[in-house]
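Please read these notes with the model open beside them.

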Amino acid sequence: MSDADVAVLLLVRVVVGLVMIMHGLNHWRGGGRIEGTARWFTGLGLRQGVLQAWASVLTEVGAGVLLVLGLLTPLACAAVISVMLVAGLLAHRPNGFFVFKDGYEYVLTLAVVALALAVLGPGRWSLDHAAGIDLTGWTGGGIALGVAVVATGGLLGTFWRPEPKADAEPEAEAGSKADAGSKAGAEPQSAVADPAPEHTPESVDQEAR
C-alpha cells in the first residue's frame, strides 16, 4: 500500500470519526441536550429514551475516537453502521432518499463508507497497525456488518415499541355539528381550539440536533 493510499485512509478515518464525535457531543450538549435527545428517541418508538440518548452519545463518541486513532477498526465501523441503520430505519426511511427532505441518503453514505473502511483497514498510520491487529478484507467487513446487524436487531427487538397513531376525529361527527349550528341560524364555528403541537420525531429531532 502506497503512502498516498495510507494518507487517504487516514483522511477518511479522521473525517468520519470527527463527524461521529460531533454528533455524539451534540446529542449530549447541543439543542435539547439529553432531555431533547431522549424525547426524540421516544418519539421514534424506542422505550427508555434517556438510556437511548446516553447510549447514542457513548456509541458515537466512542466509535469516532476509535476511528481517529485507527484502533479496533472493524468494531468502530460496526458501531457507525449500527447507528446509521437505526437512524435510517426509524427516522429517515419514511421520508424517502434525499437528504434535503430528511431522507436516508446521508446515513446510507456514512454506513457504506464505514463498511469500506472495515474492508480496507485503517492503514499503516494507525494503532491497529502498531499493535499488529490485522482484521481487514472479508474478515474486517464481515465483523463490521455482522456486529452491526446483530446490535441493531437486538436494540429494536428489545426497545422498539411504536405506539399506534391516534385516529382523527370522524368527519361525520364534525359534519353533524356543523349542520346543527346552521339549523340553529348560527354559522358553524370550531368549538375546540387547535391542539398544542406535540413532540413529533421531526420537531424533537431539530431540538436534539
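The numbered points below start with the basis of the model and then go through its features.

1. This is a predicted model, in which local features need pLDDT of at least 70 and side-chain atom pairs count only at pLDDT 80 or more, while totals for chains, interfaces and linings use all residues. Residues are numbered from 1 along each chain as its sequence is written, and side-chain values use heavy atoms, with hydrogens and water left out.

2. The second largest pocket has a volume of about 640 Å³. A pocket here is an open set of points on a 1 Å grid over the protein atoms alone, where a 1.4 Å probe fits, with protein on both sides within 12 Å along at least five of seven lines; lining residues have an atom within 4 Å of a point. The volume is the space filled by probe spheres set on the points, which are joined across faces, edges and corners.

3. Of the 32 lining residues of this pocket, Phe-41, Ser-56, Glu-60, Val-83 and Ala-87 are the closest to its centre. Two or more lining residues come from each of α1 (3–29), α2 (33–43), α3 (49–69), α4 (73–92), α5 (105–120) and α7 (137–159). Helices are DSSP runs (H or I, at least four residues), numbered from the N terminus. The largest contribution, seven residues, is from α4.

4. By class, the lining has 18 nonpolar, ten polar and four charged residues. Nonpolar covers Ala, Val, Leu, Ile, Met, Phe, Trp, Tyr, Cys and Pro; charged covers Asp, Glu, Lys and Arg; the others, Gly among them, are polar.

5. Glu-60 lies in helix α3. Its relative accessible area is 5%, so Glu-60 counts as buried (under 20%; exposed is over 50%, partly exposed in between, with a 1.4 Å probe and protein chains only). Leaving aside residues up to four places away in sequence, Glu-60 touches Met-20, Ile-21, His-23, Gly-24, His-27 and Val-83; contact means heavy atoms within 4.5 Å.

6. The 23 residues of α7 should span 33 Å, and its end C-alpha atoms are 33 Å apart, which agrees. The expected span is 1.5 Å times one less than the number of residues. Buried residues of α7 include Gly-140, Ala-148 and Phe-159, and their cover includes α3, α4 and α5.

7. Most residues other than glycine have a negative phi. Arg-33, in helix α2, has a positive phi of about 55 degrees and is partly exposed at 37% relative accessibility. Asp-102, in the loop between α4 and α5, has a positive phi near 65 degrees and is partly exposed at 22%.
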